[in-house]
Amino acid sequence: MLFNSVTFLFFFLPVSLIAYYLLGLLPFRWRMSLQNLLLVGLSLVFFAWGGLDAVTFLVALIIVNYLVGLLSLKFRKILLAGVVCNVGALFCFKYLNTTLSWIGNLTSTPPLTVDLLVPLGISFIIFHNISYLLDIYNGKVKANKNLLEVALYILFFPKLIQGPIVKYYDMEKELKHRETRLSDCVSGAQRFVVGLAKKVLVADILAETVTDIFSRSLSGIDVPTAWLGVLLYTFQIYTDFSGYSDMAIGLGRFFGFHFKENFDFPYTSLSITEFWRRWHISLGAWFREYLYFPLGGNRKGNVYFNLFVVFLVTGIWHGATLVYWLWGMAHGVCVMLERYLFKTKWYGKIPKFIKWFFTFFIVSVGWIAFQTGDLGGFIDYAKNLVGLNPQELTFHFPYFLTNRVIFLVLLCAVCIFVFSRKRVQQKLLALRQGSRVYCAVTYAGTLLLFALSMMAAVSSTYSPFIYFQF
């Protein structure tokens, strides 16, 4: 089930909210348990909407992690065994067939394949399980004896499929006690609508041209068209993924949960290091907490090696093909190089525009890996960027540069590079707090965005979020 589907927007979400708020009228001693039970049930329905095959595995995974947590009260090291089991499950679903294929190629034997139905969002689910176990191991929380709360932490449907990745100790208090305030509902609704508009009014429309350009790249496209495809996909993946995060954060507020931000205008970054502090913040925080610091961080061992390992694992997490690994390593090398350059005097004298340009360039070219999905496709498309495609040019720049594309590119640029400015944010905050007219205009704009998004969602075909594949 998609957040931008008619079924979710007009059936699942309204029914969920009505049932949840009705339970909120009960005395507290019953209310919290019944609301948690309702959310677990709704999350199972949400997960099972596309098929029941993976539900049994998901339930078993929850029970295993719950029992491991309980056993850790007497056998602390069992937590590490639980982490290994979770990593093993992730390996089987995402990397086993690729590994078997490599073994077959090396031994010149027919590759074996294991028919496994990969649960949607398996990477995010596993990372939540590991967070629960490691938070107990590190003494940040105690093992939760309430199965319902553990299940809700792992299953909660707004973050189930695509994040944000919420660490257990950040969510523990609200699993046990939370209040749903009107202000949260209003801000949650606005945040949800903004995310929905990013998805259906920007990302999905950009996707049409992006798909067109990339699909025709082997037939022959000119250099400007190739770069246009890169630029459009750069904006598409951001509006698609940040749109989902906005919707997840907004949905969480409906039910009394407050998730941390997952994006902070990453395309305004002046370095790859800064980019990773602003892009998919929850993933970066997860790797920093559970991988970078245990490796030694910047205090023990070789900090450059630690950084490289983290980014290599980041690439592996994104996919089982070589192109994702190389993408992760390339970002790792950039971060390592920047760490050295930050210490030099001449680096600080480089104009900000140049730093921004090279950061944006590296990030944008790297996104080609996510569109093609394999190294061969990446190389073939990269040839188009420098005019090395041997095919006769059959599609030229003006064919793709429509008025709609120009408008969306300008809209993305304005939203990213204007609203990221601190002065603009402070001014908007002051207006929100002190101007009733501004608030009224904001509410009216939210309703208009919702209406436009609904028309687009109803008339569009199935359009999954990009990060569903991870």
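Trainee: Which residue forms a salt bridge with Arg31?
Mentor: This is a predicted model, in which local features need pLDDT of at least 70 and side-chain atom pairs count only at pLDDT 80 or more, while totals for chains, interfaces and linings use all residues. Residues are numbered from 1 along each chain as its sequence is written, and side-chain values use heavy atoms, without hydrogens and water. With a salt bridge taken as a side-chain nitrogen of Lys or Arg within 4 Å of a carboxyl oxygen of Asp or Glu, the count comes to 14. For Arg31 the closest N and O atoms are 3.6 Å apart, and the partner is Glu179.

Trainee: At what angle do the axes of H10 and H19 cross?
Mentor: The axes, lines fitted to C-alpha atoms over the stretch in contact, with angles running from 0 to 180 degrees between N-to-C directions, come within 10 Å for H10 (residues 182-220) and H19 (residues 375-385). The two helices are therefore roughly perpendicular, a label for 65 to 115 degrees. The crossing angle is roughly 85 degrees.

Trainee: Which residues of H19 meet H10?
Mentor: With contact meaning heavy atoms within 4.5 Å, H10 contributes Ile213, Phe214, Ser217 and Leu218. On the H19 side, the residues are Asp380, Tyr381 and Asn384.

Trainee: Where does Phe265, which has a positive phi, lie?
Mentor: Most residues other than glycine have a negative phi. Phe265 is not a glycine, yet its phi is about 50 degrees. Its place is the loop between helix H11 (223-254) and helix H12 (272-278).

Technical notes. Helix = DSSP H or I, 4+ residues; strand = E, 2+ residues; numbered from the N terminus. Parallel < 35°, antiparallel > 145°, perpendicular 65-115°, else oblique.
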